[in-house]
Structures are given as C-alpha cells and as structure tokens.
Amino acid sequence: MDFRKKLRYRIIASAILLIIGIVLNILSAVDVIKSEFFGILGFTFIFVGALRIIKTYKSMTDEERCKQEKIKETDERNLKIWGDASRFTLSGYGILVFIAVVVCEILGKSLIADVLSVSLCALFAVYLIFIVILSKKY
Amino acid sequence: MYNVIIANVKQTLQKNGGDYLNNKIKEYRRIKDVTQDDLAKAVDVTRQTIISLESGRYNASLILAHKLAVFFGVTIEELFIFEEEQ
C-alpha cells in the first residue's frame, strides 16, 4: 500500500477515535453513562486521537519527515524487533495468566480462575487461527 | 586478546543452526567512501540497521542483501559470506 494512503487511513482512524472520545465524554457529562470509567476512557481517546492526527498530519505535509517515517516503519530490523517483542510479550502473558489461574484455584477464587482460563483458551484459539491463516498465506 | 573475544562473540551471535553469515559491508562502504547514513538512505533502512549489519548482530533479508549488492555493484556472494560449520 502507498505510504501516503496509509497515512490518510491513519488520520481517519484517529479522527474516529477522537469522535468516540468526545461522545463518551458528553454521555458521561450528561449522566447518560453513570460509570466514571467511560469518562476517563473518553479523555484518553481524545488525547491519543488528537496526538496521532497532529503527528500524522505533520508527516503528510513534510516530504522529508514522511520519508523518514516510512523508512522507520518499513525497516526490516524494526519489523523484526516489533515482531519478536510481540511474540515474547504474548508468551510471557500466557505464562503469567496460567500461573494466576493456578494461584486463584489454590486460593479458592474459582470465578476469577475460570475467567482467566477462558481468556487463555481464547488467546490460544486466536493463535491457532492465525497459524492456519498465515500458513496459507506463505 | 580483546579482538579475539569480540570475534568469538560476533561468531556466536551470527550462528544459525551451525552455519553463519558474515558480510563485507563495512569494507565496501569504505572503498566507496559512503557514510552509514548515506548507505541507509540509499537502501531505505535506518542507520541503526546498517550498524547492526556491520557489527554482525543482524542478518539482512534477501531483498536488503540484493539492494546492498546493487548499491555496491557486487554480487550477493561477494558481499555476504555464508560459512557452514565444519
């Protein structure tokens, strides 16, 4: 995909995030949503969305910056680092959740243990689905 | 002594299933008198990737190896030396 097109999609996605943040904040302010959580979530969305729009817009308008950004995002060493980091994070997360399930069972917190077990199984199922999809792709 | 240790560390890092890949990027870069930054820009990677390639911490993909070989006007075999473990 053309990098500029990718940047345009990124601006649209960030704008959607920003709008969701504003809507969440309005709903929270007029007490349609009672939970404080959604108000904070809205602020986070506004902050992240605005920041990404500014950053992406700067890259789109400045040719040199756009080129540097493209190199940074397509650099094969960076891609390997990001891929490896994701892999290690996922493995670490899986192990931690498994330990948490065992600890919760020992402590008699069966409900938490069940929720964690299901999330771990779901994670593994998604992993297997991606293995199948990527095996067909390559 | 220090050089021997560094060479051993590099060889260990580059080893991949008993085989290892060495490269002459630094030598060819000096012959052509180009900076790491210029080379990075020419082959569309970051300067850090060139540093990692030269120090042997990272092995280039076939596409990058091809781009580098074209840039230096040599073959991939001349730029990258594949050594099988004895």
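This is a predicted model: local features need pLDDT of at least 70, side-chain atom pairs count only at pLDDT 80 or more; totals for chains, interfaces and linings use all residues.
1. The residues on the side of chain B that touches chain A divide into 4 nonpolar, 6 polar and 1 charged.

2. Polar contacts. The interface of chain B and chain A does hold 5 residue pairs in polar contact, with both residues at pLDDT 80 or more. Helix H4 of chain B (residues 47–55) gives the most to the side that touches chain A, contributing 3 residues.

3. Extent of the interface. Contact involves 11 residues of chain B and 7 residues of chain A. The two chains bury about 810 Å² between them, and 53% of this lies on carbon and sulfur atoms. On the chain B side, the most area is lost by B:Asp44, B:Thr46 and B:Tyr58, which together account for 51% of what that side buries.

4. Nonpolar core. The largest nonpolar core has 19 residues; B:Ile25, B:Ile50, B:Leu53, B:Leu68, B:Phe72 and B:Leu79 touch the most other members. Two or more residues each come from helix H2 (25–32), helix H3 (36–42), H4 and helix H5 (62–72) of chain B. H5(B) supplies the largest share of this core, 5 residues.

5. B:Leu68. With neighbours within four places in sequence left aside, B:Leu68 is in contact with B:Ile25, B:Leu39, B:Val43, B:Ile50, B:Leu53, B:Leu79 and B:Phe80. Among these partners, B:Ile25, B:Ile50, B:Leu53 and B:Leu79 are also listed with B:Leu68 as touching the most other members of the core.

Note on methods:
Residues are numbered from 1 along each chain as its sequence is written. Chains are lettered from A and ligands numbered from 1 in the order in which they are written. Side-chain values use heavy atoms; hydrogens and water are left out. Contact means heavy atoms within 4.5 Å. Buried area is the accessible area (1.4 Å probe) that two parts lose on being put together, summed over both. A polar contact is a pair of N or O atoms within 3.5 Å; within protein, one must be able to donate a hydrogen and the other to accept it, and residues adjacent in sequence count only if both atoms are side-chain atoms. Helices (H or I, at least four residues) and strands (E, at least two) are DSSP runs, numbered from the N terminus. Ala, Val, Leu, Ile, Met, Phe, Trp, Tyr, Cys and Pro count as nonpolar, Asp, Glu, Lys and Arg as charged, and the others, Gly among them, as polar. A nonpolar core is a set of buried Ala, Val, Leu, Ile, Met, Phe, Trp, Tyr and Cys residues joined through side-chain atoms within 4.5 Å. Buried means under 20% relative accessible area, exposed over 50%, partly exposed in between (1.4 Å probe, protein chains only).
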